[in-house]
Every structure is written in structure tokens, then in C-alpha cells.
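Trainee: Before we start, please show me the structure. I will then ask what stands behind the words used for it.

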Amino acid sequence: MKTVYFDNAATTSIRDTVIDKMSDIMKFNYGNPSSTHSYGRQSKSLIELSRKRIASHFNVSAAEIVFTSGGTEADNLVLRSAVRDLGVTEIITSKIEHHAILHAIDQLKIEYDITVRYLDINSDGDIDVSQLEALLQNDTKQLVTLMHINNEIGNILDIKTVAELCSANKALFHSDTVQSVGHYKLDLQEIPIDYLAASAHKFHGPKGVGFAFLRKNSGLRATIFGGEQERGLRAGTESIHNIVGMDEALTISYNNLDTERVQIKTLKSYFIAQLQSIFPDVSFNGQSGDLEKSTYTLVNVCLPIAAEKAGMLQFQLDLKGIACSKGSACQSGSSKNSHVLTEILEEAHLNRPSVRFSFSSFNAKDEVDYVITVLKEFVEV
């Protein structure tokens, strides 16, 4: 049976060269980075070299990169410390953020007396920037948290405009950039963002490792306590092989960014064209069907499928060897509709099955053809 992996927004395969590098580290560089002997010093050196290389991709200093277990931990570190340690009393966000943001904010509302403002979202899934500007016109200590690229519908936030708005109004700005790091260049000297979160497994690196960018003199403090690792901001023995693997994966992604972007964007364009030519009633959620207004890595499709077939669609696709998703992988197993689509779709479209297909440079045109062939069996033409 042919297999197709079109769920790269959930996670990506690890590049062979990254696996080789990680294997060498596990075999030869097993010293604890906190140890003062040669084994420890060698491990510490590898970590700091990776920190410098990662920082260079964003035009920041190595001291502004803090290694974490992934994007979720990085998000929580920023949000929790901003409220607890920096005196933030108001958070501005949207209801289509990743649950790493929304659930963290819900918990902070329980623990602290904070106000949360949710920006209006239009039917295309874009935030109301003028509303954000209006909400920033007060004297409270504010933090804005908005994701750069939406993981379900692929919308791209004008992150520079938002960052400049926040800076002009003395509000802190945090962005979950898990879907954009490794796929888009972010010069953080040009974009006055205070904090961002990234995760290695979204750009062909290992799972269980990521990083937070914390602008110099951020004032944030640790949320995990124990040792003094990561300059006291994140206790726990560093995962050397994962950190080096993340560095290698990110370096390869940026070195090949232009070539792979063209390849993946061409594949997405072909997929959209094939769907539109065969299924006249197909629609695309958010801006995902627009090649200029959404990320080149994914498309979220609302399919014209009969109600009796809709419930079994993803199961049947899986039986045919096709991996895709109905939304964020973090919601897997939930019987609820996507919280993102619930915010932007009318009921008629919300009752139709929506599927997210996400691509990488390891995908090919013949895989798109296979998926289209299989979808023909379910969609009413």
C-alpha cells in the first residue's frame, strides 16, 4: 500500500544528517555539561556553540536564547513569568491561538487577577489590527501574544507591524513562532519582538527540544527550579544531543530555505489546483488557499462530502495510507470541532469535514495525485 505523509504541521521527519550528528553526540559526548572535568567541558562547549549558531539566524546574541523542551514550555515560561515577575495585569490575544497559549492563559486567570482581551477575528481568520491599536491605549502593564503563523489555517500575522505597535505603546510582545521558525527568516533586530517560542520537530529536528528568545534584560525568571542551567532560567541537565540536533536541523533548513520554499509552494499550488478542478464546491479555510496570504507549508480544505461519509473520512484516509489531520495534533482524540474553525466558519461549513494537509520538501507530486484519487471516492462531485 502506498503511504503519504501530509501532516508536517504536526511534526516532521528528522533529516538523516541530523540523526547522524545526534548519534555521534550520544556515543562520544555524554559528559554532564555542568561537570567541571574535560567530559563536562566538552559537552558544555557543544551546547554553547549551538546556542551561538541558533542566535545568528535571528541576528541576536547567544545570551538571548534559552533552551527548553519545546514550544509549549517556552510559551509557558514567558506568559507565567511575565504575569508573576513583571507585573503584567492584562493579556491581549486571540481565540485562535495554539492551546499552549490559551490554556496557559486560562490557568493564569485562575491564579492571578489578570484581564484577558480577545481580538476580533474576521471570516478569513485575520485579527483586527485597529482594535489591537485601540486596546493598547491605556496605562496598564500589557502583554500581547499572537502567533506568527496559525498552525491550522496557515494565516500569516504581520508580525513586524504588531511588534512596532506594541513597542510604541510600551506593551510586551510575545509570539508563538513554532510554525514559522525554519521556514521564514526573522531578523529580531528589525522586528522589535520581546519573546518568541520555537520547536525543533517542526523543521526536521528532534522532538523534546526547542528554545525561547528572551530579549536582553527581559526580567523573566525561571518556572522550573533545581539547578542553575540556562543562566538560572531553566533548571535540568541539558539534552546535548537534542540541542545539537536542533542546531543542525535549523542550519540546514535556513541554508536550503529558498530552494525548499519553491518546491513546497509549487506542491501546494498543484494540490489546490487539482482540488478545484475536480471538486467545484471545495473551499479553503482561513487564508490557506491563498498562496500569498498563507504559509506555503499547509492548506486547510473544507470538502463537499455527504454527512454519512464525513465522519469516517479521516479513518478511511488512514486506511489508504494517507496521514493528515483535522486540526492541531494536540487536539487528537477530541470529539470537539477545531476551536480555530469554530471561530471563523459559519455553521453550514462547520458541519462539513475540514482536513489539514501540510507539506515538506520530502513530499512529491505523485503523492498529491494519489491523495486526489483517494478523495474522489468520498467527495460528491
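Mentor: The buried residues of α8 pack against α7, β9 (283-284), β10 (298-302), β12 (354-358) and α13 (365-376); contact here means heavy atoms within 4.5 Å. This is a predicted model, in which local features need pLDDT of at least 70, side-chain atom pairs count only at pLDDT 80 or more, and totals for chains, interfaces and linings use all residues. Residues are numbered from 1 along each chain as its sequence is written, and side-chain values use heavy atoms, with hydrogens and water left out.

Trainee: Which residues of α8 are called buried?

Mentor: They are Leu257, Glu260, Ile264, Leu267, Lys268, Phe271, Ile272, Leu275 and Ile278. Buried means under 20% relative accessible area, exposed over 50%, and partly exposed in between, with a 1.4 Å probe and protein chains only.

Trainee: How do you know that the span of α8 agrees with what its residues should give?

Mentor: Helix α8 (residues 257-278) has 22 residues, which should span 32 Å at 1.5 Å a residue, and its end C-alpha atoms are 32 Å apart, so the two agree. The expected span is 1.5 Å times one less than the number of residues. Helices are DSSP runs of H or I with at least four residues, strands are runs of E with at least two, and both are numbered from the N terminus.

Trainee: What makes Val18, Met22 and Ile25 of α1 a group?

Mentor: Val18, Met22 and Ile25 are buried in α1. Their arc around the axis is only 60°, so they lie on the same side of α1. An α-helix has 3.6 residues a turn, so residues three or four places apart point the same way. The face turned away from the buried side carries the exposed residues Asp16, Lys27 and Phe28. Among what covers the buried residues of α1 are α2 (38-57) and α7 (240-255).

Trainee: Why is Asn217 called exposed, and why is Asn59 called partly exposed?

Mentor: Asn217 has a relative accessible area of 72%, so it counts as exposed. Asn59 has 41%, so it counts as partly exposed. Asn217 lies in the loop between β8 (210-214) and α7, while Asn59 lies in the loop between α2 and β2 (65-68).

Terms used:
Arc of directions from axis to C-beta.
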